[in-house]
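Reader: I would like to understand how the words used for a protein model follow from its values. Could you take me through some examples, step by step?

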Amino acid sequence: MIVVMSPLATKENLQDVIKKLESLNLRTHLSTGDERTIVGVIGDKKIIANLEMEMMTGVEKTVRITEKYKLVSRDFHPQDTVIDVDGVEIGGKEIVVMAGPCAVESLEQVREAARAVKEAGAKILRGGAFKPRTSPYDFQGLGEEGLKILRDAADEFGLKVVTEVVDREDIPMIEEYADILQVGARNMQNFQMLKALGSAKKPVMLKRGLSATISEWLNAAEYIMTGGNENVMFCERGIRTYETFTRNTMDLSAIAAIKELSHLPIVADPSHGTGRRPMVAPMARASIAVGADALMIEVHPNPERAWSDGNQSLTPAQFKDLMANLGDIAKAVGRTI
Ligand code: PEP
Ligand code: MN
């Protein structure tokens with residue numbers, strides 16, 4: 001349930017509302033807008049069903065929330081959430097670009113990628129040190145050594161780091177090196193990991209599961225937020241459909257849906273979303289047009305020789321071209337890049 005306070009409500013009125021809710025063992029979540037304050041209420045459904053808050057001074061109305069997710073919902077928090085990633089804001093006017101190789105292979109490879117993506121305007125370096133691979137015989141990542149490489153290259157070129165967590169036991173260690181913790185598509189419903197990320201200190205980027213509905217995805221984010229970590233962003237990376245020409249079907253409508261249903265930022269990943277180099281640029285442009293707050297793009301100094309996802313990785317020159325062509329579309333939808 002949400003309690004909408006009247007624009008004329010005083011601080012004392014708000015305090016009284018919170019006191020009453022807390023006395024019933026309900027959790028409250030405040031969202032302060034320019035005009036109104038909204039109090040989100042979470043807790044025992046039966047207690048909430050019997051609440052009569054409209055009688056209290058300063059309360060304009062109450063609205064029942066039927067969806068299971070609450071904290072991620074725009075009803076609870078009407079304004080867009082802006083996540084501060086150590087000085088880089090995601091969810092504001094500026095579209096942020098994260099780029100880099102699929103996997104960390106060597107210091108030289110990551111440095112070369114970092115230099116190229118920084119020059120072209122990216123703010124965040126991506127790269128997997130723990131790789132969730134379909135086959136156990138494929139390269140599984142360099143582990144902590146890969147994290148050190150990422151951090152060093154990012155620091156050298158003034159970038160932030162996003163990297164994937166595949167095991168909740170690794171969270172404290174990965175947090176030492178990364179600025180954003182990525183939950184991969186294959187782990188979107190790893191609820192133990194989501195709970196553990198609820199007490200992580202770093203923002204989390206939650207990729208959409210290969211066959212997850214939008215509601216399942218929102219509920220997965222709720223797991224993280226309810227644990228206390230409010231810095232969650234979504235990432236649309238394509239879903240599995242009957243189509244085989246593309247690796248996945250990039251669901252642009254999910255970006256618009258997330259913007260409608262949630263206040264949290266959304267990142268678009270046209271690299272995994274299509275799996276095809278020629279389609280990365282057009283789908284990146286389309287993602288901005290439909291409301292994405294950030295892009296994640298795979299870039300490799302030499303995609304032909306990449307240890308993973310070479311087919312969808314851009315060369316540094318292609319990435320530079322793409323970046324040069326995003327400004328107009330960003331401007332058309334009132335954003336900058
Ligand atoms: C990745 O970003 O490298 C990755 C493995 O992505 P996904 O979980 O979307 O497949
Ligand atoms: Mn990849």
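Author: What follows is a set of questions about a predicted model, each answered by setting a value against a cut-off.

Reader: How do you know that H29 is buried or exposed?

Author: The relative accessible area of H29 is 13%, and because buried means under 20%, H29 is called buried. This residue lies in strand β2, which covers residues 27-32.

Reader: What makes the pair H29 and E230 a polar contact?

Author: The side chains of H29 and E230 come to 3.0 Å in this pair, and a polar contact asks for N or O atoms within 3.5 Å, so the pair is counted as one. Leaving aside neighbours within four places in sequence, H29 is in contact with I38, V39, G40, L71, F76 and also E230.

Reader: Which name does P282 receive, and how do you know?

Author: With a relative accessible area of 38%, P282 is also partly exposed. This proline belongs to helix α10, residues 277-290, and its C-alpha atom is 8.9 Å from that of L322, a residue 40 places apart from P282 along the chain.

Reader: How do you know how many disulfides the structure holds?

Author: The count is 0. A disulfide needs two cysteine sulfur atoms within 2.5 Å, and for C235 the nearest cysteine sulfur, that of C102, is 13 Å away, so C235 is in no disulfide.

Reader: Are C102 and C235 buried or exposed, and what makes them so?

Author: C102 has a relative accessible area of 4% and C235 has 0%; because the limit for buried is under 20%, C102 is buried, and C235 is buried as well.

Reader: What surrounds ligand 1?

Author: The residues around ligand 1 include C102, R126, K131, E164, Q182, G184, A185, R186 and K207, and R237, H272 and E298 also belong to the list. Oxygen atoms of ligand 1 lie 3.0 Å from an N or O atom in the side chain of K131, 2.7 Å from a backbone N or O atom of A185, and 2.6 Å from an N or O atom in the side chain of R237. Taken alone, ligand 1 exposes 290 Å², and the protein buries 97% of that area.

Reader: What makes the span of helix α7 close to the expected one?

Author: Helix α7, residues 214-226, has 13 residues and reaches 18 Å from its first C-alpha to its last, and the expected value at 1.5 Å a residue is 18 Å. Within α7, the buried residues are W217, L218, A220, A221, E222, I224 and M225, and their cover includes α6 (191-197), β11 (204-207), β12 (232-236), α8 (252-261) and β13 (266-268). Just after α7, G228 takes a positive phi of about 115°.

Definitions and conventions
Residues numbered from 1 in each chain as written. Chains lettered and ligands numbered in written order. Predicted model: local features only at pLDDT ≥ 70, side-chain atom pairs only at ≥ 80, totals over all residues. Heavy atoms only, no water. Helix = DSSP H or I, 4+ residues; strand = E, 2+ residues; numbered from the N terminus. Expected span 1.5 Å × (residues − 1). Buried < 20%, exposed > 50% of the residue type's maximum accessible area, 1.4 Å probe, protein only. Contact = heavy atoms within 4.5 Å. Polar contact = N/O pair within 3.5 Å; in protein donor to acceptor, adjacent residues only side chain to side chain. Near = heavy atom within 4 Å. Areas by Shrake-Rupley, 256 points an atom, 1.4 Å probe, with all protein chains shown as cover.
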